[in-house]
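Student: Could we go through this structure together, starting with what holds the interior and then moving to the surface?

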Amino acid sequence: MTQEKKNLVIMWVANFLVAASATMVLPFLSLYIDTMGNFSSEYVQKWSGMVFGITFLSAFIVSPIWGRFGDRFGYKPILLITGYGIALCIFLMGFIQTVEGLFILRLCMGLVTGFIPTSLAFISSQTPRHIAGRTLGTLQMGTVSGSLLGPLMGGLLADAFGFSYTFLITAVSITLAATVVLIGISEKKKSADTKEGTIYTRKEVFNHITSHRLLLTVMALSFLVQMANFSIQPLLALYVGGLTSASNIAFLSGLAFSATGFGNLIATRSWGRMGDKIGYEKVLTLLLILSTLFIIPQALVTELWQLVILRFLFGMAIGGIIPSVTAFIRHAAPVSMQGEVLGYNQSFRFLGNVIGPTFGGIVSGFIGISAVFYVTGGLFLCAFGLLWWSRKQTAAVKQV
């Protein structure tokens with residue numbers, strides 16, 4: 001086995017562990033807040049959005065810095081810093097007693113968030129461009145497989161042992177993933193396609209992004225898609241609670257989360273392979289349409305099984321977006337600035353992660369959780385319109 005294939009296998013396993021561990025706690029974050037005091041439902045919804053989103057606000061600020069650091073010194077140090085850093089923050093969450101304390105820990109966690117995006121940048125840097133979509137889709141399968149298992153395990157552990165023990169188990173799992181990277185990963189300071197060694201200034205990187213219409217559009221899509229997707233995630237447990245009178249809400253919430261992950265698992269690699277053949281921007285256009293069609297009906301469900309089916313179909317559509325965007329950037333940016341460009345793209349995603357939960361909490365507080373699905377569908381539709389317009393403009397320029 002070549003070192004590149006060994007790295008891919010190790011990062012697949014590590015991403016599986018990190019994704020499974022992280023999603024163990026996400027489905028019941030709002031339920032955990034509810035145990036910290038006698039709060040109103042409006043208070044819990046508001047703080048759920050803020051606690052969920054603050055991690056991504058701090059990550060939004062530091063992501064380009066991590067990306068530039070990776071271009072200069074390699075990705076393995078970042079993987080270790082983020083892996084062990086996330087584990088420590090989650091470990092401490094198991095002992096926190098107040099909503100404000102949880103908020104501060106989630107903020108600190110954002111400063112070291114980026115293990116999975118960094119792994120995508122790392123594998124992308126060692127992968128030939130013509131198979132980038134397929135390879136990144138394979139890596140993404142590790143993430144979505146973990147996301148599939150994590151909510152179910154988290155729900156079971158939370159129902160059986162309580163929330164605090166689930167945080168501790170999560171921290172141990174992420175520590176294990178970082179240790180696997182420490183021992184097994186060997187990073188070569190070269191590109192998969194070229195040995196280009198040019199060092200670009202921040203201004204040159206910024207100018208490259210802003211002068212490339214389609215690249216800038218794809219990065220804007222990252223913001224809109226994440227805002228749309230994350231506007232409902234912190235509220236999903238509460239939405240599931242309104243659909244059933246069962247006592248094991250944490251487990252059922254995990255089931256709804258896992259349905260999306262299972263859809264990801266089935267379709268992600270196929271979307272990547274299709275992008276390699278016909279173009280990633282074309283695949284993204286199709287995925288945005290499908291995401292719109294599958295998210296809006298979730299507002300109309302009356303039974304939990306209906307929600308699970310729609311979350312599964314939605315997962316099949318949205319699962320191809322991240323590897324398609326990453327592979328597109330792999331083609332659109334010079335090798336020596338790819339880490340920083342991916343860092344800016346990650347900042348766009350984190351900004352969506354920040355605004356989405358807060359926006360979703362505000363919308364649900366005024367007109368109900370089901371209305372958030374309509375707003376989310378509108379955001380996917382806006383993303384589709386933006387990409388369609390940008391593709392049309394780019395084609396027109398090429399014909400001149």
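This is a predicted model: local features need pLDDT of at least 70, side-chain atom pairs count only at pLDDT 80 or more; totals for chains, interfaces and linings use all residues.

Student: Which residues touch the most other members of the largest nonpolar core?

Tutor: They are Met11, Phe115 and Leu307, in a core of 106 residues. The largest share of this core, 11 residues, is supplied by helix α10 (residues 213–230). A nonpolar core here is a set of buried Ala, Val, Leu, Ile, Met, Phe, Trp, Tyr and Cys residues joined through side-chain atoms within 4.5 Å. Buried means under 20% relative accessible area, exposed means over 50%, and partly exposed lies in between (1.4 Å probe, protein chains only). Helices (H or I, at least four residues) and strands (E, at least two) are DSSP runs numbered from the N terminus.

Student: And what is Met11 in contact with?

Tutor: Beyond its neighbours within four places in sequence, Met11 contacts Leu79, Phe115, Ser119, Phe122, Ile123, Leu139, Val181 and Ile185. Contact means heavy atoms within 4.5 Å.

Student: Turning to the rings, how many aromatic pairs are there?

Tutor: The count is nine aromatic pairs. Rings of Phe, Tyr and Trp (its six-membered ring) pair if their centres lie within 6.5 Å; planes under 30 degrees apart are stacked, over 60 edge-to-face, and the rest tilted. Phe314 and Phe380 form an edge-to-face pair, with 5.8 Å centre to centre and 70 degrees between the planes. This pair links distant parts of the chain, 66 residues apart: Phe314 is in helix α14 (residues 304–318) and Phe380 in helix α17 (residues 370–399).

Student: Are Phe314 and Phe380 buried or exposed?

Tutor: Both Phe314 and Phe380 are buried.

Student: Which residues do ring pairs link into a cluster?

Tutor: Phe39, Tyr43, Trp47 and Phe103 are joined in that way. Ile33 lies in helix α2 (residues 29–34) and is buried, at 0% relative accessible area.

Student: Where is Val375, and what does it touch?

Tutor: Val375 is in helix α17 and touches Phe359 and Val363, not counting residues up to four places away in sequence. Val375 counts as partly exposed because its relative accessibility is 27%. Its C-alpha lies 8.6 Å from that of Gly360, 15 residues apart in sequence.

Student: Why does Gly361 count as buried?

Tutor: Gly361 counts as buried because its relative accessibility is 12%. Gly361 lies in helix α16 (residues 338–367), and touches Gln45 and Leu235, leaving out residues up to four places away in sequence.

Student: Finally, which residues form the nonpolar patch on the surface?

Tutor: Leu88, Phe91, Leu92 and Phe95 form it, with about 390 Å² of accessible area together. Accessible areas come from the Shrake-Rupley method with a 1.4 Å probe, and for residues only the protein chains shown count as cover. Like charges are joined within 9 Å, and nonpolar side chains (Val, Leu, Ile, Met, Phe, Trp, Tyr) within 5 Å. Phe91 is in helix α4 (residues 76–93) and is partly exposed, at 37% relative accessible area.

How values were computed. Residues are numbered from 1 along each chain as its sequence is written. Side-chain values use heavy atoms; hydrogens and water are left out. Patches are made of residues with over 30% relative accessible area and no salt bridge: like charges are joined within 9 Å, nonpolar side chains (Val, Leu, Ile, Met, Phe, Trp, Tyr) within 5 Å. A salt bridge is a side-chain nitrogen of Lys or Arg within 4 Å of a carboxyl oxygen of Asp or Glu.
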